[in-house]
Amino acid sequence: MTTRVAPTAPELLVTGGRVVTMNRDRDVYLDGAVAIAGGDIVEVGASDRLRARWPAVPEHDATGCVVTPGLVNTHQHLTGDPLLRSCIPDLLPPGRSIFSWSVPLHAVHTAEHDELAATVGALESLRNGVTTVIEAGSVAHPLAAAAGMEAAGVRGSVGVWGWDTPDLPYSYPAQQSLERQQEVLAALPPGGRICGWVTLVGHGLASDDLLVGAAELTRRSGARMTMHMSPTRADPDTYLERFGVRPLVHLERLGVLGEQLLIGHGVWLDDDEVDAMVRSDTAVAYCPWAYLRLGQGVTGNGRHVELARRGVRVGLGCDSVNAGDRMDILLAASLAAGLERDVRIDPTCFGAHDAFEWATIGGAAAAGLGERTGSLEAGKAADLAIFDADSFEWAPDVDPVMALVWGTDGRSVRDVFVNGDLVIAERRSTRLDEAELRERARAGAHDVLRRAGIEVPVRWPTVDAPEPTRPGR
Ligand SMILES: [Zn+2]
């Protein structure tokens, strides 16, 4: 193992923890240190050696902790429903949940609601060790979402949803839709800690003109692009009816697929579509919790491990709050591994270490950020998650990656650094007044529901209310 020589003295040494580097050799230092300067990692090595080299540099003590790269969430809705957790009823058919709930709730969100929702979502992500969040698209106020992410201190991307299907709210003709995309890229250029992405809703809601224009804009501006595709069989059905071929075959023919594109979901792919993903080097964001929660058929149809084995970049995601629920990539990692083992009826086919790669370096590569984050190596951003291993769920704590994926989840996260800034310390934001934020989030949720004219039903009778409700079972 060789380490690069740091050009300058670090400002901080994170010392004393077990450091899971996720470097090429997957080195784990038993008593390791990470040296940070100017937001970047300048060296990773044994604590003793780095201390001896830079004796006067302040230390952040991670004794008794496991230090990993900040986790990467490659598909997360930060607006629309983070204020309305567990509010959309469970037993609705897919069309009803979208058109009776998601659409009207989105439609009444002001810029303030979007900023608040993104702040809450970014904070939850950080508290679970997620330092990079690829936002899956906002309806109307992407810059407000970016402001929320900035306030919490996370790394990531935002986009404004583009679609040009007439008669839907916020639908614009292709050219106008592309101009809206361009505005986001201009405000948040590629390469920034929070940058704009070309973001289409996807599914069957874009014309060929919009798809081709979006891919061209992405390549021309050096940005990246994301859109939803085939979480259910509805997208293949739509494309087969319209074009006689399945979605990814159609997109490949249009020249839309490629290294710059991150597809959300890709659950219902046939052999030709898998081949198209491999050929085009298109990446995919896999959100297993959402498919189970929404009953979308991942157990019978998901091929994400096969895609990864064939060289496709796969990242993990938590989707939207009323689908993927908790913004906790370790939960997604354990579920991804468990699903694959169960579907194959083979516990040797995919394990904790494979899933942890997706949660870190794999997710970063899927998002086009593999040079910047996803592992602890000199020259990369100092994005670190520090897990407190002093608890029963970690004992006896032999292989930290086994403990991270199978034994614990985001609740073990104690401190988080993003770009060298300590944004979570002792499980609390260093930037936000969490009590005040909780109050605002609660008030914001009621405001959104009032504006949308929606009352959230409760399924079982509330017996301690003055007038007991008697909803149906
Ligand atoms: Zn989504």
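## Helix α15

In this predicted model, the buried residues of helix α15 are Pro400, Val401, Ala403, Leu404, Val405 and Gly407. With 6 of its 8 residues buried, α15 is largely enclosed by the rest of the structure.

Apart from neighbours within four places in sequence, Met402 is in contact with Ala352 and Gly407. From Met402 to Ser429 there are 27 residues in sequence and 27 Å in space, taken C-alpha to C-alpha.

The domain assignment divides the protein chain into domain 1, made of 12-69 + 375-429, and domain 2, made of 71-366. The centres of domain 1 and domain 2, taken over C-alpha atoms, are separated by 29 Å. Contacts between the domains involve 23 residues of domain 1 and 25 residues of domain 2.

On the side of domain 1 that touches domain 2, two or more residues come from each of β5 (65-69), α15 (400-407), β16 (413-418) and β17 (421-425). Helix α15 gives the largest share of that side, 5 residues. Sorted by class, the side of domain 1 that touches domain 2 has 13 nonpolar, 6 polar and 4 charged residues.

## The β2-β3 hairpin

Strand β2 (residues 28-37) runs antiparallel to β3, and 6 bridges join the two. Within this pairing, Ala35 of the chain stands opposite Glu43 in β3. The hairpin has 2 residues between the strands, and Gly38 takes a positive phi near 60° there.

Strand β3 (residues 40-46) has 5 of its 7 residues buried, so β3 is largely enclosed by the rest of the structure.

## The parallel sheet

An open sheet of 5 strands is arranged in the order β10-β11-β12-β13-β14, and its pairing is parallel. Its edge strands, β10 (198-202) and β14 (314-316), each pair on one side only. From one strand to the next, the twist averages 25°.

Helix α6 (residues 208-221) packs on this sheet, where it touches β10 and β11 (225-229). The direction of α6 makes about 155° with that of β10. Val284 stands opposite Val314 in β14.

## Packing of α3 and α4

Two packed helices are described by the angle between their axes and the distance between the axes. For helix α3 (residues 111-127) and helix α4 (residues 142-152), the axes come within 7 Å and cross at roughly 35°. The crossing of α3 and α4 is right-handed.

On the α3 side, the contact is made by Ala111, Asp114, Glu115, Leu116, Ala117, Ala118, Thr119, Ala122, Leu123 and Leu126. On the α4 side, Ala144, Ala145, Ala147, Gly148, Met149, Ala151 and Ala152 take part. By class, this contact of α3 with α4 has 13 nonpolar, 2 polar and 2 charged residues.

Notes:
Residues numbered from 1 in each chain as written. Predicted model: local features only at pLDDT ≥ 70, side-chain atom pairs only at ≥ 80, totals over all residues. Axes fitted to C-alpha atoms, helices over the stretch in contact; angles between N-to-C directions. Helix = DSSP H or I, 4+ residues; strand = E, 2+ residues; numbered from the N terminus. Left-handed = near helix turned anticlockwise from the far one by under 90°. Contact = placed C-beta atoms within 7 Å. Nonpolar A, V, L, I, M, F, W, Y, C, P; charged D, E, K, R; others polar. Pairing = 2+ DSSP bridges. Domains from an automatic or database assignment. Buried ≥ 20, exposed ≤ 12 C-beta atoms within 10 Å, placed from the backbone.
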